[in-house]
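Here is a short briefing on a protein fold.

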Amino acid sequence: MKNIHLPKRRSISRRSFAKSSMICVSSLWLNGRLRGEPLKATDRASRFINPLIGASTSLALGEGKTFPGPATPFGMVQLSPDTITGGVKSPDYSFEGDNGPGYSYEQTTIEGFSFTHMSGVGYYGDFGNLQVMPSTGLMKLDSGRVDHPGEGWRSTYSHANERAEANYYAVTLESGIRAEVTAAPRAGMLRFSYPQTDTARIQLNLARRIGGTSTRQYVKVVGDRAIEGWMRCPAVGGGWGNGEGKVGYTVYFHMEFSKPLERYGVWKIDVPDDAFPVQHGLATSYFQTDQYRELVRRGQVLKGCKEQEGNHIGFFAEFPSSAAGEKVMVKSGISFVSMDGARKNLSHDIPGWDFDEARRRGRALWDDALSSIEIEGASDDQRKIFYTAMYHAMIDPRIIADTEGKYTGADGEIYTADGYTPRTIFSGWDVFRGEFPLMTLLNATMINDEINSLVTLAATSRKGYLERWEIMNSYSGCMDGDPATSIILDAYAKGIRGFRCGEGLRRLQTDSCGDERFNKPP
């Protein structure tokens, strides 16, 4: 275990910073409300959040590329519905596979609810890990293709039966199952209400990944109500940029069920190691082929299996003789460090089974985050637009460390951060002009965290320079320019200096002396 120690952070309050700043923002001001002071219902900014704004990858609907499911401010978990894996080849979309958020409003089916998502990005997306889907009737081993109804567990749905708000998403599936989801910073919770049925089932697609696939998975039953495992997601399986983003990570999970696991098992599909053609096309295209469909047809169901590792596996739990309206809940912590980390994250964030309390706590985090800004003279519609935009600005850069501060470095070693919270998804090209200057006014702690994360990445990767588009420790190289320079100097000039200033400035010198074509030393 390695430790990284930082100098004592220089404290700077929002109110004192606002007084010292010469910036005036029309109709906005920093709010000095003491943290912990209860808000009146009419003062809750979270009531104006509409996560469906921007939730489409379609040209006709504006390509907002956001997701509608719950998340907390800069949290690790984004528990959201998935309408498709990969993307659609159509003139209505910028390019095939352009499905970064996993959900697009105009699409009419849902294939599951996964714990991790990206927001507002172009390119081929990543994450979409640990996908959960409720089902009834005959068990299917795959979600099935969009244009082949009934082929898999994929379900149609209607927007009339869909609801999205701060830290809450709900939808009624074609089967009559009502699915509700809510999130905490490092964990999430799902509540399924079943119609009268002989078999209420929950299925976990462990191989699923939005822009590709996990290439190796593991699951183990631990006790009578819990499972845990991991999903390995290297660049060869696609993901960010269809593998060109060079992203590789492992997601660990610890999942618990509100009812005992009496009938359960594993299914596996014998997918070859070299099945995904990232060098010649989209990794996700493989799932549309007749070859893959034949492998699904020949897939094996291992009832009662307590432990399994494989290339393309899933887990299922069945709860027989469900009465109408009977509820089954699932909650899971995730970690990018270990199963033990996922277990502790769940215990810390969602210790009990009160879904509504978890929902309320996540919403309160949004009220607290959004209370740093107020607006005057706006209509309700204008408030929805404003606060939803603020909401989307506070999803990334997300935390990547567990509750104990442990995180995986660029060298694959496990570190414990001291004095800051490691973060990921720094889309420098997109955020250095708008989001980060705004956050110097609203959230200096996040600014310090992100600069420390970039400086640490330059050291642990041994690359020495500051990446311009970081995701999961990857130097993806997206876009161009040198956005970290602007962000570090802006923070320093405004008195935000809770980062390793000397090392940060040395990294800036490395960047300025490097090869302009690649933003790296020659």
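Which residue in β8 does Y157 stand opposite? Y157 stands opposite L173.

This is a predicted model, where local features need pLDDT of at least 70, side-chain atom pairs count only at pLDDT 80 or more, and totals for chains, interfaces and linings use all residues. Residues are numbered from 1 along each chain as its sequence is written, and side-chain values use heavy atoms, with hydrogens and water left out.

**Sheet**
- Ten strands form an open sheet with antiparallel pairing, in the order β4-β7-β8-β9-β10-β21-β16-β15-β14-β19. Strands (E, at least two residues) and helices (H or I, at least four) are DSSP runs, numbered from the N terminus. Two strands pair if DSSP finds at least two bridges between them.
- β4 (109-110) and β19 (307-310) are the edge strands; each has a single partner strand, so one side of each lacks a neighbour in the sheet.
- β14 (residues 216-221) and β15 (residues 226-233) run antiparallel, joined by six bridges. V219 stands opposite G229 in β15.

**Around β8**
- Five of the six residues of β8 (residues 168-173) are buried, meaning under 20% relative accessible area (1.4 Å probe, protein chains only).
- β7 (residues 155-165) pairs with β8 in the antiparallel sense over five bridges. Their hairpin has two residues between the strands, and N167 takes a positive phi near 60°.
- β8 and β9 (residues 178-184) run antiparallel, with four bridges. T172 stands opposite R178 in β9. Four residues lie between the strands of this hairpin, where G176 takes a positive phi near 95°.

**Helix across the sheet**
- α4 (residues 355-370) lies across β7, β8, β9, β10 (187-193) and β21 (327-335). Helix α4 runs at about 50° to β9, with axes fitted to C-alpha atoms, for helices over the stretch in contact, and angles from 0 to 180 degrees between N-to-C directions.

**Cores**
- The largest nonpolar core has 81 residues; F113, I202, I227, F257 and F315 touch the most other members. Such a core is a set of buried Ala, Val, Leu, Ile, Met, Phe, Trp, Tyr and Cys residues joined through side-chain atoms within 4.5 Å.
- Another core of 44 residues lies apart from it, with A45, I395, V431 and A444 among them.

**S46**
- S46 sits in the loop between β2 (28-30) and β3 (80-82). S46 is buried, at a relative accessible area of 3%.
- The S46 side chain makes a polar contact (N or O atoms within 3.5 Å; within protein, one must be able to donate a hydrogen and the other to accept it, and residues adjacent in sequence count only if both atoms are side-chain atoms) with the side chain of D367, at 2.8 Å.

Note on methods
Buried means under 20% relative accessible area, exposed over 50%, partly exposed in between (1.4 Å probe, protein chains only). Contact means heavy atoms within 4.5 Å.
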